[in-house]
Amino acid sequence: MVLRNFTQLLIGFFLIGTLLAGLSVSAQSVAQTYQIAINKTSYPYHFVDKEKHANGMMVELWRLWAKKQDVKVVFVPLTWKETIKQVKNGAVDIHAGLSKTPNRAEILDLGTVFFRQNRHLFLHRSIAHIKELSQLSPYTVGVVAGSSHVSSLPETAPNLTLKYYPDRHTLYKAAIAGEVLVIAGIERLSKNFPDYKLLNEKYPAFARIPYDTTDYGTAVAKGNKPLLDFIDQGMQKISAKEKSAIEKKWLGMDRSDNVITLSYFNNQMPFTDTSTAGNARGFFIELWQMWAKFSGLQVEFVIEDVNPSEQIDQDVADIHMTNVVNDNSTDDKILGPVIYSVDYGLFLSNDIDSVIHISEIQNKTIGVISTLSFVKDIHRYIKNANFVYFDDYKSLFEALERSELDIIAGQHDVIEHYLIQSKLQSTYSHYPAYSFKRAVHATLSKANPELSRLITEGFNEIPLDNLVALEKKWNLDQSSAFFERQLTLLTLTDEESLWVKEHNVVKFGITRNWVPIEFVDKYGEFKGTNPDLFQLITERLNLKIEYVVYDNFAALYTALLTGEIDVLGSIMNTEARKKEVLFTESYWSMPWVIIHPRELGKKLDLDSFSGKTLAITKGYYLVSVIRKEFPSLTLRLVDDSEEGLLAVQKGMVDGFIDNLSSGTELLKRESLVRLSMSVLDEVDRDGNHLAINKSLPILAKVLNKAVLTISDAESQKIYEQWFDISVETGLDKKLVLRVAAQVGVLIVIVIIIIMVWNRRLYLEIRNRRKLEKQMKYMATHDDLTGLANRVLLKDRLNTAITFHQRQSLLLAVLFIDLDGFKNINDNYGHDVGDELLVEIANRLKGCVRESDTVVRFGGDEFVLLLTGLHNQDEAAYIADKVLKIIQQPVPLSAVNVTIGCSIGIAMYPDDGDSDNELLKVADSLMYNAKAAGKNHYVFNRKGSRTV
């Protein structure tokens, strides 16, 4: 009986408690408005935006909660410390969201858990190599006062020193200023920080150490359980789909599920495939794994079904990898950001004769992978062929093995993979003269379009070196080379980047027949030094070129002035033109030459043609110069080089003036045996610049940045490709005699005629080789002193570095600048200055061995390259010798002078292992020598010596 009464009593207490709980929730729910504390800078969870409004993922969640509970919420922005203090004291009802820690549990009632949150320490780029917490003891860690890091960090790593800041933005500013090299945070740095870009550069996402994971939820004042129950009641009314939508909007993914699913296609190596063990493999697989690592996410891979749209619609995959076989677009896909670019091309059977241009391919059977954009591009060039289309590479190669195809067309790397697999790599060869690029996008599920932002941010976090290394691992750096090309992209200002993005296509104007500078070949393609240079420049800016062709330079320049085109190349920046257009720096200089009949003599100058008529192209700045300085000459203006050459050949003029490159091209022609070429030393070299329409100052800035990055090696490569004037020899004399003996006397007459022509051709070849030798000398030597120039220096320096590395020897670079040269030049004129430079050059040559190199670097600067050294003292000995011999009086035609010099000495390998590093160090040390009083030399390590 007692037991029964006790049981009834317990039941009664339980019912009363339940009733009271219900009443408390009911009573609590009658309140109309709740104050919710948010932190001002906890992006993306809760923060104050630029419009001073409460915003963030938790703000949206609380607004939805208020709607479900039919109440109002007011957000109170505070610092972290104040959010906890105000909720603890009951001044604010609810905390929007915070990490649950034991310390906070003692002063607050912690309620609904929203998700798990990771804590990290972000490292400055200079210490990004550190991977363990224990290695951070020498550094101070910046934390926000009142944040969870204040209590959790000492528990996890008690050896760390903490420095406190009132809010996250103040902490970030201190980090940028270098006050701390380690900052505590959650998964990512706050993107609403005004200088986020600079912060992210100094504290990249990959340089972080995770140290703790905690629950993230809400909190109320201690003892206010009814409010927690009321909060929980409303949160339960929010569906999983509604919560997921909010999280995807702000985080790009559902926070409750930290896994991103990607679908891929089989049998597309080296990009994607499945191993025999059932694991996804390939370049794209590892690329997305790298993205996940730097995004702090996990990824899983599923094989793409036959119908990929169904898979995305059913949310089997969050991200769909590109099919390199088929690019048929459908309405049920959302195209995400570009993550890569792949190359498509042709592979020709070795039985096919050499093909110069793709349009020459005729009457062949071509197996093509049915990629719409690729197929469309091929049909632009190949008009007369039998095309056979395939849906996959397996069926294409089955046809190939049945010898049904002459040519295969498809993705470059996949075809090479299948050729090797089928042991056909020696039977089909890649045709290098044609390539088609196709962008690789991430295709997204319709259910999660916000993932696009997360993808872009993740790839932006990956160091480019890591991406290039992955590309090389899969041998894609020689074909697609998407990341390899990005290494050459220039860093632009925000203003410049925005302009390039909005004006991605730039109109370049060229003349139709200015060989080899710029011209349209017989296939309608744009060729020459300028198109090669334009391509090099625009690749570094991620710009596209649209060519506009004009018949002559005058029409081209007018088009630039009127805005029909944006840019033209190979133009001199005269004072008159500077008032009309904008210019870049010069990308190379070219001597002027005159083409004339050989009987007039050799090495002629303009004075040699006094009283005669010379042709020159309209619009050249040299026209006004010659008319002013050589009034005895009569100039005949022509439209282009062809017209000028024709005028010389017909005797209408006595010579034709053009630049060296164009003149060289003209002399290649076999019909010009009677013509010769002389370099005009009396006129300034033609500085080749880009000219830009005056309304495009930002374009001029970015093009100039690109021009300044063109290396000597790149210029030389273009130069050699287009200015090489070597020719093939004629018939072999022994072969002619052998044929004559076989065919009899009747043919001998014909053979004699051939031999006479062959002799004539031989003489022409000898003359051309002489000209070629002269041109190569001009390209690598200084005109005034005859010393090597900086082009030859770079070549010899790189060769020497390779040799000395193998032999473990030292080499020295002596950078010499004359002290007092400017005064002599100013007081006595440039002729005396030139005479002095020639004398100095001869003295320097007497200071070194034949195996060393003496270079005129420019102006009054010289460089000595000393090779085969065993110690630094050998370089010091030569430097002493140079100082003494330079100080000796120099007798010149107008005056006797005395000068000195300052020398900076860089040693390989201590001061650098590349030509640029050694020259930079030597140049810097030379300036140190000048600053220290001139007339001595300075080493980087063992001090200096004065003579």
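This is a predicted model: local features need pLDDT of at least 70, side-chain atom pairs count only at pLDDT 80 or more; totals for chains, interfaces and linings use all residues.
Local features need pLDDT of at least 70 and side-chain atom pairs count only at pLDDT 80 or more, while totals for chains, interfaces and linings use all residues. Residues are numbered from 1 along each chain as its sequence is written, and side-chain values use heavy atoms, with hydrogens and water left out.

In soluble globular proteins, nonpolar side chains tend to be buried together. A nonpolar core is here a set of buried Ala, Val, Leu, Ile, Met, Phe, Trp, Tyr and Cys residues joined through side-chain atoms within 4.5 Å; buried means under 20% relative accessible area, exposed over 50%, and partly exposed in between (1.4 Å probe, protein chains only). The largest such core has 72 residues, and Trp291, Tyr340 and Leu346 touch the most other members. Helix α10 (residues 283–295) gives the largest share of this core, nine residues. Helices (H or I, at least four residues) and strands (E, at least two) are DSSP runs, numbered from the N terminus. Beyond its neighbours within four places in sequence, Tyr340 has contacts (heavy atoms within 4.5 Å) that include Phe271, Phe284, Arg438, Glu471 and Phe483. Another core, of 47 residues, lies apart from the largest one, with Phe508, Ile537, Leu666 and Ile692 among its members.

Two helix pairs can be described through their axes, which are lines fitted to C-alpha atoms over the stretch in contact, with angles running from 0 to 180 degrees between N-to-C directions. Helix α2 (residues 57–69) and helix α8 (residues 225–237) have axes that come within 9 Å and cross at roughly 95°. α2 and α8 are therefore roughly perpendicular (angles under 35 degrees count as roughly parallel, over 145 as roughly antiparallel, 65 to 115 as roughly perpendicular and the rest as oblique). On the α2 side the contact involves Leu61, Trp62, Trp65, Lys68 and Gln69, and on the α8 side its residues include Phe230, Ile231 and Met235.

For helix α18 (residues 494–502) and helix α25 (residues 697–708), the axes come within 10 Å and cross at roughly 105°, which makes α18 roughly perpendicular to α25. Glu495, Glu496 and Trp499 of α18 meet Ile698, Leu699, Lys701, Val702 and Lys705 of α25.

The cysteines come last. With a disulfide taken as a pair of cysteine sulfur atoms within 2.5 Å, the count is zero. Cys847 is in no disulfide, and its nearest cysteine sulfur, that of Cys901, is 9.2 Å away. Cys847 is buried, at 2% relative accessible area, and Cys901 is buried at 1%.
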